[in-house]
Amino acid sequence: MNETVAKSASDASGRLAPPVNMAIFGAAGDLTKRLVVPALHNLARAGRLPREFSIIGVDHNGLTTDAWRQSLADEMRSLVQTGRGAEQIDNQAWTWLAGRMQYLRGDFTDSGTYRELKALAAGHNHEAEAGGNILFYLATADRFFCPIIKQLGQAGLTKQSGDAWRRVVIEKPFGHDFPSAEALNEGILKILSEDQIYRIDHFLGKEPVQNIMVLRFANGIFEPMWNRDHIDHVQITAAETVGVEERGRFYERTGALRDMVPNHLFQLLAMIAIEPPASFDANAVRRKKTELFQAVHPIRPENAVRGQYGAGTVLGRPVKAYRDEEDVASDSTTETYVALKLAIDNWRWAGVPFYLRTGKHLPARSTEIAIQFRQAPYALFRDTPIERLPPNILTLRIQPDEGLSVSFSAKRPGPEIKIDGVAMNFSYRDYFEPLAAVGYETLIYDCLNGDASLFQRADTVEAAWCAVQGLIEAWASGPAPGFPNYASGSAGPAEADRLIARDRRAWRPIGRAQPRMEPKA
Ligand code: BG6
């Protein structure tokens, strides 16, 4: 292991976040329990939270502070047991954090809730010297985003004075199409200024996603090849083995396109495709992203495929069809799979197709970006037995088995010229100590420090919705799709294979073990 790198990656000491009082709306909800609070625990354990830190949890459930803390601790324990989150609970960090938590029962639409919150926050400020800084975290259903912000404004809670800041974190989904995202922005920007708003996309909390900018811009070898002269095409895949689980009601009105494409997949697209920003300043990065999304051609229906899973077997377990899931209509036309071909209208990418796909109940959990380079010219191998040169592919593995690999051709040892595809591999686990993380640590920490570079600006969100708006409308007004059209556990609908085969290309197998390529027999 590279000692220097490993040490710096595991170095828990770092800059403390500033004094702050955090108010979490949706305190008794799933997101708070599974992600926000475990991330705060991990930050506390890493020594990143200041002594002057406190949390007020707001929700309508009739909980006491003790019962709330207990339910959070129980969920953390179950996350540890099932390996879905923190590696273990650090008792000292948990006691430190839990001692700073207070529960406030209140209706999100009732002004009384905000009067109480204000009084509590003032008390905390006084007590904990939070300096008037408050971070409001909206971990609620999206229909509450605007009403909560309005109430915060009316209660005077969003007003900043002197050095004291007020920020609001808004979870996904940010709108359900372009007009609703635009209306939401308009509503909240009447009360907050853009620099107070932190629109989260949790894919940007993933280390390998943050690493893409470093890979591209901190190394001299990639950027000169990073363009239409050298790249044949790019494939972005977010494959999941899970179905809709208990989220049938939400998923029925959302579907795979809205749930994954203009947000998570576009974040991956942005990291790969943006022009180098002038600095890491939030606005410099976000300006480039917005420009990129504006350069995406509106997606035409003939360049998109939707699918819905039928019954099948996933990871050896029989699973039911989407239409048989709880809270799902028996004739549902909601898609659980989408594949798209995108074109980007700029000098770097003109003519380079980006193929995106995501789906539920696929054969493996795998999020990856594969950049396939153009073939080498053949001339040299004309009179040899070599019929086909394997392509050079740079594969960025976002999850699981975070890392990247580069595949290339090598001469098989022996007197004849025979070529094999081989690969060089980098895995995070070989170089860095694993950090206990649920993926929200950096996002929350950045927000406390006022660094918005990993958060979405109003125009960025709108540009992303705009790119898929035509497709949303075409699918809504077109004939009902013949669902289900892929079996659970398969790689998706056959139509998706035809979409890419039209261009004489093929999807990469989902979740194939990396990095070694199969040597030729
Ligand atoms: C969420 C979607 O935003 O992202 C889910 O609503 C999806 O449907 C999830 O499963 C995927 O995130 P991750 O981090 O598990 O890949």
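R412 and D420 form a salt bridge in which the closest N and O atoms are 3.0 Å apart; the term denotes a side-chain nitrogen of Lys or Arg within 4 Å of a carboxyl oxygen of Asp or Glu. The model is predicted, with local features requiring pLDDT of at least 70 and side-chain atom pairs counting only at pLDDT 80 or more, whereas totals for chains, interfaces and linings use all residues. Residues are numbered from 1 along each chain as its sequence is written, and side-chain values use heavy atoms, with hydrogens and water left out.

**Salt bridges**

- Under this criterion the count comes to 21 salt bridges.
- Salt bridges that share partners join R216, E223, E275 and R348 into one network.
- Within that network, R216 and E223 have their closest N and O atoms 3.3 Å apart.
- R216 counts as buried because its relative accessibility is 1%, and E223 is likewise buried, with a relative accessible area of 19%.
- R51 and E52 also meet through their side chains, at an N to O distance of 3.4 Å.
- In this pair R51 is exposed, with a relative accessible area of 57%, whereas E52 is buried at 18%.

**Ligand site**

- What is the distance between a polar side-chain atom of K172 and an oxygen atom of the ligand? The separation for K172 is 2.8 Å.
- For H264, a polar side-chain atom lies 2.7 Å from a ligand oxygen atom.
- The side chain of Q399 places an N or O atom 2.7 Å from an oxygen atom of the ligand.
- The protein buries 79% of the 390 Å² that the ligand exposes when taken alone, with accessible areas computed by the Shrake-Rupley method with a 1.4 Å probe.

**Strands around β11**

- Strand β11 spans residues 337–342, where strands (E, at least two residues) and helices (H or I, at least four) are DSSP runs numbered from the N terminus.
- β11 is largely enclosed by the rest of the structure, because five of its six residues are buried.
- β11 pairs in the antiparallel sense with strand β8 (residues 304–307) over four bridges; two strands pair if DSSP finds at least two bridges between them.
- R306 has V338 of β11 as its bridge partner.
- β11 and strand β12 (residues 354–359) also run antiparallel, joined by six bridges.
- Opposite A339 stands R357 of β12.

**Helix α6**

- Helix α6 covers residues 145–154, and its buried residues include F145, C146, I148, I149, Q151 and L152.
- After α6 comes G156, with a positive phi near 75 degrees.

**Cis peptide bonds and positive phi**

- Most residues other than glycine have a negative phi, and most peptide bonds are trans.
- K172 and P173 are joined by a cis peptide bond with omega of about 0 degrees, and P173 sits in the loop between β5 (166–170) and α7 (178–189).
- A cis peptide bond runs from F483 to P484, with omega near -5 degrees; P484 is located in the loop between α13 (458–477) and β17 (486–488).
- L315, which is not a glycine, has a positive phi of about 50 degrees and is found in the loop between β9 (309–314) and β10 (317–319).
- The relative accessibility of L315 is 65%, so this residue counts as exposed.
- D401 likewise has a positive phi, near 50 degrees, and lies in the loop between β14 (393–399) and β15 (403–411).
- D401 counts as partly exposed, at 26% relative accessibility.

Key: Polar contact = N/O pair within 3.5 Å; in protein donor to acceptor, adjacent residues only side chain to side chain. Buried < 20%, exposed > 50% of the residue type's maximum accessible area, 1.4 Å probe, protein only.
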